[in-house]
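Let's walk through this one from the inside out. Have the model open and follow along.

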Amino acid sequence: MTPTDSTAIDHAHPTELPASYWQAARRGASGHCPRCGGGELFRKWLKPVDRCRACGQDWTHARADDIPAYIAIFATGHLLAPLMIMLILDFDMSSWAASAIIIPLATAMVLLGLQPSKGAVIALQWWLGMLGFQRERPETNPLPDRK
């Protein structure tokens, strides 16, 4: 595999399908392929790779649209609401002083939450077989025959 060949597949890592959506979401949120966990999911900050280098999964079907931004804003708001209340009521801080703390913190939290949110949304689309993805599940071992 050459470093410049982005479509080369690394056959040294066997593909292990996730056992649950949550495992696939953790892989996607950490920036790894939700299918195998071996390859990178993003080539740029929010731009998914065309194919996974480890398992060859085609990620061109992924369409996360605005959902990652909604998730990041929702999580940020719920995490910062108690802090805003505490700064203003408990520390008797002015609204301007609290805003000087909250606005940069909220901006950083939203920006840092976008890529993990997008990875988890792409994992959900793949797990459910949406938008042209093939729905795949690990093979389950049947119960042994009783004789």
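Helices here are DSSP runs of H or I, at least four residues, numbered from the N terminus. Buried means under 20% relative accessible area with a 1.4 Å probe, protein chains only.

This is a predicted model, with local features needing pLDDT of at least 70 and side-chain atom pairs counting only at pLDDT 80 or more, while totals for chains, interfaces and linings use all residues. Residues are numbered from 1 along each chain as its sequence is written, and side-chain values use heavy atoms, leaving out hydrogens and water.

Now the cysteines. A search of the whole structure turns up zero disulfides (cysteine sulfur pairs within 2.5 Å). Cys-36 is in none, with the nearest cysteine sulfur, that of Cys-52, 3.6 Å away. Cys-33 is buried at 0% relative accessible area, and Cys-36 is buried at 12%.

Cys-33 also touches Arg-27 (contact means heavy atoms within 4.5 Å). Arg-27 lies in H1, residues 21-29. Arg-27 is buried yet has no salt bridge (a Lys or Arg side-chain nitrogen within 4 Å of an Asp or Glu carboxyl oxygen); Glu-16, the nearest side chain of opposite charge, is 4.8 Å away.

Methods: Helices (H or I, at least four residues) and strands (E, at least two) are DSSP runs, numbered from the N terminus. Buried means under 20% relative accessible area, exposed over 50%, partly exposed in between (1.4 Å probe, protein chains only). Lys and Arg count as positive and Asp and Glu as negative; His and the chain ends are not counted. Lists of a residue's contacts leave out its neighbours within four places in sequence.
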